[in-house]
Amino acid sequence: MKAIRIIITGKVQGVFFRQHTKKTAEQFGVKGFVQNISDGSVYIEAEGDDETLQQFIESCKLGSPQSSVEKINVSEITFIGFKKFIIRHGDS
């Protein structure tokens, strides 16, 4: 298992991006969280196996039907062991 951080920019707030991401993560069995950031981007921490995370990243590139993803930045981070995937409210 590994963990990644994803930062997504574009038209990704106010377009059901977080809800879409949560539903997708649950379908893939990915654990972690998604939250809006004050600069207008979306921040995700996700955990899973390599293949599952790659599929999840590809889904994030597409986004929700109403969104428009301009850029996605992915980096590996320390594995925490999340139990489920949640939407975190508020921004950091």
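The legends below walk through several close-up views of this structure, one view at a time. This is a predicted model, in which local features need pLDDT of at least 70 and side-chain atom pairs count only at pLDDT 80 or more, while totals for chains, interfaces and linings use all residues. Residues are numbered from 1 along each chain as its sequence is written, and side-chain values use heavy atoms, with hydrogens and water left out.

**View 1. Five strands form an open sheet with the order 4-1-3-2-5.** Helices (H or I, at least four residues) and strands (E, at least two) are DSSP runs, numbered from the N terminus. The pairing in this sheet is mixed; two strands pair if DSSP finds at least two bridges between them. Strand 4 and strand 5 are the edge strands, each pairing on one side only. From one strand to the next, the twist averages 15°. Strands of a sheet pair through backbone hydrogen bonds, either parallel or antiparallel. Strand 2 and strand 5 run parallel and are joined by four bridges.

**View 2. Two helices meet the strands.** Helix 1 (residues 17-28) lies across strand 1 (2-11), strand 2, strand 3 (42-48), strand 4 and strand 5. Its direction runs at about 170° to strand 5. Helix 2 packs on the sheet and touches strand 1, strand 3, strand 4 and strand 5; the direction of helix 2 makes about 5° with that of strand 1. Axes here are lines fitted to C-alpha atoms, for helices over the stretch in contact, and angles run from 0 to 180 degrees between N-to-C directions.

**View 3. I4 is a buried residue of strand 1.** Its relative accessibility is 3%, where buried means under 20% relative accessible area, exposed over 50% and partly exposed in between (1.4 Å probe, protein chains only). Leaving aside neighbours within four places in sequence, I4 is in contact (heavy atoms within 4.5 Å) with residues including I44, L53, I57 and V74. The C-alpha atoms of I4 and G48 are 8.8 Å apart, although 44 residues separate the two along the chain.

**View 4. F33, Y43 and F82 form one aromatic cluster.** Rings of Phe, Tyr and Trp (its six-membered ring) pair if their centres lie within 6.5 Å; planes under 30 degrees apart count as stacked, over 60 as edge-to-face and the rest as tilted. The count comes to three aromatic pairs. F33 and F82 are edge-to-face, because their ring centres are 5.8 Å apart and their planes stand at 80°. F33 lies in strand 2 (residues 31-36) and F82 in the loop between strand 4 and strand 5 (85-88), so this pair ties together parts 49 residues apart in sequence. F33 is buried, at 3% relative accessibility.

**View 5. F56 and F85 make an edge-to-face pair.** Their centres are 6.1 Å apart, with 65° between the planes. F56 belongs to helix 2 and F85 to strand 5, so the pair ties together parts that are 29 residues apart in sequence. F56 is buried at 0% relative accessibility, and F85 is buried at 3%.

**View 6. S67 lies in the loop between helix 2 (50-62) and strand 4 (68-77).** With a relative accessible area of 13%, S67 is buried. A polar atom of its side chain lies 2.8 Å from the backbone oxygen of S64. Beyond its neighbours within four places in sequence, S67 is in contact with K11, V15, F17 and L62.

Methods. A polar contact is a pair of N or O atoms within 3.5 Å; within protein, one must be able to donate a hydrogen and the other to accept it, and residues adjacent in sequence count only if both atoms are side-chain atoms.
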